[in-house]
Amino acid sequence: MVVAAKTGNEAMAEAMRQINPDVVAAYPITPATEVVMIFAQFLADGLVDTEYIPVESEHSAMSACLGAAAAGARVMTSTSSQGLALMYEILPIVSALRLPIVVCEVNRALSGPINIHCDHSDTIAARDFGWVQIYAENSQEAYDGTLQAVKIAEKTSLPVMVSTDGFIISHCMEKIEMLPDDEAKKFIGEYKMEKSVLDIKNPTTRGALDLQDYYFEHRYQTSEAILNAKNPILEAGEEFGNKYGRKYGLIEEYKMEDAERVIVALGSTCGTTRDVVDELRGKGEKVGLLKIRVFRPFPAQEIATALSNAKSVAVLDRSDSYSGQGSPVYVEVLSALFKNDKKPKIVNYVYGLGGRDINLEDIKSVFENLKKVDQLEEKNYLGVRM
Amino acid sequence: MVSIKELPNRKEPLSPGHRACAGCGAPIVARQVILASPDPVVVVSATGCLEVTTTIFPYTAWNTPFLHNAFENSAATMSGVVAAYEALKKKGKIEGNINFVAFGGDGGTYDIGFQSLSGAMERGHNLLYVCYNNEAYMNTGIQRSGATPRGSNTTTEPAGKVRQGKIKFAKDLTQIIAAHNVPYVAQSIVGDWVDLTRKAEKAFSIKGAKFLNVLQPCRLGWAYNPEETCEIGRLAVDTGIWPSYEIENGILKITKKPKELKPVEIFLKKQARFRHLFKPGNEKIIEEIQNETNRRWGILLSNDGKQIF
């Protein structure tokens, strides 16, 4: 293991260097720009031999990635917020064509108003485009997740986005352990696509017009493929753990064994919550954290099981929804629990939009409020001036 | 140039039985361009007539590898394909030469796909972009585009009691792409196979980003008899409506120079999309079209043989 101090962006760029993708097509956007900048420098210094396409927009970035992946290349890109939004049109085409593109995504609030800081509105809005979604808690997970993403993508023939919290992870330096280059290459292995558009001897037509008689079946297949991705994700996390000591699953339970009050969250907020859990546990309070690492496929049963013994649960959403019934993560956790016999009391907190800080006191207040969960509204806003 | 005797020996790229209209010029463009390649061809197409009529799942008319992504990104998609080819070739994972052709209609080229095309041209990928330009969004029912000519009737800028079809002239995309300083751009038509084959062949022989803008009469949107497609294409050249020329390494060359241009009415009259222009009171529009045609032709003539980029 190589120990180094890396920001989330540096960690992802280092993973990309080790992966040495055949093709990278990318366009700069804060706060993901560095990933591509650092990677471009690797290219300029001869550390990778990727065909790099500095495109004129994110739309073209994802379009070029699709073309390259259909041609059998190992393909990566990086983006954020508006950039991902500009890719939205192409994201479901990528998954329908079953192309294993990996995106290093840095979570940033969607405009408007324009804002460059973290929330999850960009990737959460992309949750049903047929991509596997992995949320990293810190730089280490960003690095590890990027390597695993390549393996998951190629095993499932599905695209994967690994995301970090903008600035909070992307620009924050942490100590991480990196695999030696040859070990990283060994972990991801070689990639060969079965039928590529470069196969001139066996020509295939990709992206055909699919009407009433076939579209439905093909969408069903994408749905099946995403749900079936659970095992490959677990296998990659398990293999990584066995080899390098850091095991990954779909969810992570922290001090959940006898936890009565639980916070469910994604991304860097899990790190903050861990500290609070430790502190409150020190005072004898039965609190725990349930981290959702993989949001697509959604680990519904795993979450329901993990929460079945809790008394009260707060689901923290870093994006809002206008359904009046809670935000996306909450709604999905709630419906996962609905099928369970044992249901805790559950509430939703929308927090941290546009990079609004969430600190230890905020998390503590949520745990405190969970003591009197019956008095809470179903949907709450944490840290907003009303 | 490849001889007409040799052409039938090349692999037919597009099977019959596709669902293009009788008399459609788009498959003619696709076949003539691809057959001009001495090497195998990989095709990308934008959403549009060519794509929807040839790839209705589970059928395909394509005997070449074919990829469709979306409407506005045929050029960007192809830049990815070409990059993959170069990466895999460098790593010894693929052998032999392949030519890459990206098709787009005028909607997918002049309008919504313009940025993607401009980016790909600027980056200079080794590909040929072919616009099969039928001067409107024909696939969705004849809506106007940036390529629609002055006075033409379309469903989104129709002729009516007080308006007479499109108000503006088409933008000159061929010149705009030439201004990207790419090594080869050309205009051709459906109806002159020698010209189109020669230009496509030349484009394939040049490394870098190339652009062909092929005027493709559309019997549906232009409204004429299906057997007249090639004739109308040729009339566009004879009247100066669509000059046949190329710009190679910045030097402009008119490739078909009529001694005297025929009046534009001959071209306009054959098509119902211009029918309203022949109503009393609209003479001025035809005059405008004639004047603009003369002006653009004059610029080309004065630049013939000159380094313009």
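Analyst: Axes are lines fitted to C-alpha atoms, for helices over the stretch in contact, and angles run from 0 to 180 degrees between N-to-C directions. Helices (H or I, at least four residues) and strands (E, at least two) are DSSP runs, numbered from the N terminus. This is a predicted model, where local features need pLDDT of at least 70, side-chain atom pairs count only at pLDDT 80 or more, and totals for chains, interfaces and linings use all residues. Residues are numbered from 1 along each chain as its sequence is written, with chains lettered from A and ligands numbered from 1 in the order in which they are written.

User: Are the axes of H1(A) and H7(A) roughly parallel or roughly antiparallel?

Analyst: Helix H1 (residues 8-19) and helix H7 (residues 139-156) of chain A have axes that come within 8 Å and cross at roughly 30°. Angles under 35 degrees count as roughly parallel, over 145 as roughly antiparallel, 65 to 115 as roughly perpendicular and the rest as oblique. So H1(A) and H7(A) are roughly parallel.

User: Which element gives the largest share of the side of chain A that touches chain B?

Analyst: Residues are in contact if their C-beta atoms, placed from the backbone, lie within 7 Å. Chain A puts 38 residues into the contact and chain B 40 residues. Among the elements giving two or more residues on chain A's side are strand E2 (23-26) and helix H3 (58-70). The largest share, nine residues, comes from H3(A).

User: Which residue of E2(B) stands opposite Thr205(A)?

Analyst: Strands pair if DSSP finds at least two bridges between them. Two bridges join E9(A) to E2(B), residues 66-68, and these strands run parallel. Opposite Thr205(A) stands Phe66(B).

Notes:
Contact = placed C-beta atoms within 7 Å.
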